[in-house]
2 protein chains.
Amino acid sequence: MADGSDKEVVVRNKQVIFKDYITGFPKESDMHVTTGNIKLKVPAGTKALLVKNLYLSCDPYMRILMRSQGSDLFSPYTPGSPITGFGVAKVLDSGHPDFKEGDLVWGTTGWEEYSLLTATEGLFKIQHTEVPLSYYTGILGMPGITAYAGFYEVCSPKKGEYVFVSAASGAVGQLVGQFAKLMGCYVVGSAGSKEKVELLKNKFGFDDAFNYKEEPDLNAALKRYFPEGIDIYFENVGGKMLDAVLLNMRIHGRIAVCGMISQYNLDQPEGVHNLMTIVYKTVRIEGFSVFDYYPQYSKFLDHVLAYIKDGKIKYVEDLAEGLESGPAALIGLFSGRNVGKQVVVVDHRL
Amino acid sequence: MADGSDKEVVVRNKQVIFKDYITGFPKESDMHVTTGNIKLKVPAGTKALLVKNLYLSCDPYMRILMRSQGSDLFSPYTPGSPITGFGVAKVLDSGHPDFKEGDLVWGTTGWEEYSLLTATEGLFKIQHTEVPLSYYTGILGMPGITAYAGFYEVCSPKKGEYVFVSAASGAVGQLVGQFAKLMGCYVVGSAGSKEKVELLKNKFGFDDAFNYKEEPDLNAALKRYFPEGIDIYFENVGGKMLDAVLLNMRIHGRIAVCGMISQYNLDQPEGVHNLMTIVYKTVRIEGFSVFDYYPQYSKFLDHVLAYIKDGKIKYVEDLAEGLESGPAALIGLFSGRNVGKQVVVVDHRL
């Protein structure tokens with residue numbers, strides 16, 4: 001309690017520390033695991049929360065925060081401090097009137113066992129616990145509302161349209177593909193292994209899927225899967241894939257740019273040559289920020305929870321056990337090692 | 001009259017013929033001027049129009065029609081037939097109930113003295129003749145509604161925003177800049193000569209303007225003119241300019257892609273490297289087709305006619321006299337020889 005009780009429990013706090021800004025592919029050694037101490041109590045007079053972290057989310061945007069240059073949306077990590085990211089946590093002490101001890105929350109937290117959270121605006125209280133709590137790092141959290149807003153709002157989909165999703169077995173992609181199928185679209189996904197391609201076809205119900213690593217000519221591959229062209233491209237990778245997709249867009253096509261994971265580790269981003277398609281086919285390419293859609297969270301949650309309960313949406317996550325496994329799990333995103341949503345389990349126990 | 005009168009006047013008809021599909025920069029010799037004959041009468045039983053062409057419009061998209069590959073929006077020219085394009089014409093004979101002898105129209109016509117028009121859907125009757133008729137190839141025609149729709153609809157502008165227009169002294173650019181000023185935006189334009197830069201600043205009232213040919217580092221130039229960044233980019237050129245603009249976009253910025261004239265003559269379009277901005281700044285890049293906005297034509301016309309009459313919008317056109325001057329005038333677009341909207345005058349006399 002933040003009310004001045006004199007209980008002051010100090011505990012050991014394992015942390016994943018960000019070493020320094022990087023270029024190129026991130027490595028496990030760009031982070032290190034250390035142990036500090038933390039007081040399990042909110043400083044008196046603040047509106048902070050003291051939380052116990054349960055599940056941490058590995059998301060591609062985190063690579064962007066490892067660059068020294070920030071932007072309006074992306075503040076770089078602080079060298080020597082813990083990595084931050086989305087996670088599920090339990091409130092141990094609260095100075096904020098909206099939260100109390102025992103509440104479960106999801107939002108931005110630290111890669112550590114316990115965090116003192118001073119920025120509480122982006123935290124959501126978890127009301128539905130009949131699903132695994134880890135889902136709030138994915139299908140019911142930031143990636144979920146990203147998929148929801150990106151598909152329904154940015155892509156303006158219509159029944160019967162041709163939809164292509166890259167990085168389709170990832171946290172966002174698997175959902176986008178299923179939303180599109182539920183809407184009556186024809187959906188093809190790309191992924192980076194045979195196993196993932198099978199998952200897309202057999203578990204998530206994509207109409208078709210291919211392994212981009214086995215396609216020397218992406219343009220030819222897309223022409224094979226979309227002889228009529230592509231109405232909607234849900235963009236997660238950028239670079240060569242985007243260039244090939246542009247050659248296959250239909251008139252009035254839409255490209256929702258969720259991310260460009262293939263470009264995050266390059267010093268010089270690849271050149272995209274086929275932007276004339278924007279003119280030839282009146283295509284819209286639109287970036288979006290999930291934060292702009294946070295006001296729709298409860299609508300989203302009702303929509304997706306119902307689908308989960310009815311078994312109409314499947315969800316696959318890849319759980320790495322223990323904070324120590326965090327760096328490898330995060331790095332694994334960029335080689336596509338994860339199968340499904342990559343989560344780091346700090347503690348399964350509430 | 002198409003009613004079976006037996007008057008059958010056959011006249012000589014000068015034409016600009018498209019020779020064959022090209023790559024690279026178009027040359028005057030890709031067209032030739034010839035003289036055929038034409039009957040000044042609509043074939044009985046058709047809904048065609050027989051028109052006398054007065055003014056022809058030179059527009060960058062015409063280069064796209066000189067490529068052998070078409071697209072949904074752009075059907076290639078037919079080698080051996082006259083160039084087609086937008087123009088102002090007078091109806092000499094009509095088989096269509098909506099048009100009668102003496103009507104003035106604008107829309108797609110042939111590069112020739114007289115044309116038999118069988119596709120009448122895209123023709124607009126000219127009601128306001130208190131402005132020069134040539135204006136219906138520009139400010140009151142296709143480029144006008146392009147600027148109107150591109151700026152007001154695609155760019156979603158707000159007062160006080162920072163607006164950049166490339167090819168800003170052209171038919172579309174000069175209007176976009178003035179619309180933006182009238183809305184209370186800060187507007188900078190780029191053009192390819194000192195004379196055009198002066199025109200932008202002194203005639204069209206842009207806040208500032210620069211000659212892109214004198215800027216070895218476009219990114220640095222844009223940072224000088226937009227220290228706060230760019231909210232809206234009205235894209236007419238593509239390539240290196242787009243790449244530099246992307247580095248200077250503000251969050252939630254919008255890029256309306258009207259054209260990419262710098263790319264039309266290249267066998268291999270330039271690579272654009274800075275598309276990560278779409279993610280970093282949640283930018284929207286949107287192509288659009290003026291045809292989708294034709295239903296708004298009369299609203300547009302009222303809007304712009306009022307501005308013209310009040311002297312609030314200036315308009316500069318570059319008139320080339322005679323059909324023979326057509327090929328040079330059209331080619332001149334791609335080296336920026338024209339100052340203002342390039343028009344070919346077939347005949348000033350009604």
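Trainee: Which strand of chain B does strand 13 of chain A pair with, and in what sense?
Mentor: Strand 13 of chain A pairs with strand 13 (residues 284–287) of chain B, in the antiparallel sense over three bridges. Strands here are DSSP runs of E, at least two residues, numbered from the N terminus, while helices are runs of H or I, at least four residues. Two strands pair if DSSP finds at least two bridges between them. Keep in mind that this is a predicted model, where local features need pLDDT of at least 70 and side-chain atom pairs count only at pLDDT 80 or more, while totals for chains, interfaces and linings use all residues. Residues are numbered from 1 along each chain as its sequence is written, chains are lettered from A in the order in which they are written, and side-chain values use heavy atoms, with hydrogens and water left out.

Trainee: What's the bridge partner of Ile285(A)?
Mentor: That's Ile285(B), in strand 13 of chain B.

Trainee: How many residues does each chain bring to the contact?
Mentor: Chain A gives 35 residues and chain B gives 35 residues, with contact meaning heavy atoms within 4.5 Å.

Trainee: And what area is buried between chain A and chain B?
Mentor: About 3000 Å², and carbon and sulfur atoms give 69% of that. Buried area is the accessible area (1.4 Å probe) that two parts lose on being put together, summed over both.

Trainee: New topic: how many salt bridges cross the interface?
Mentor: Zero by the rule, which wants a side-chain nitrogen of Lys or Arg within 4 Å of a carboxyl oxygen of Asp or Glu.
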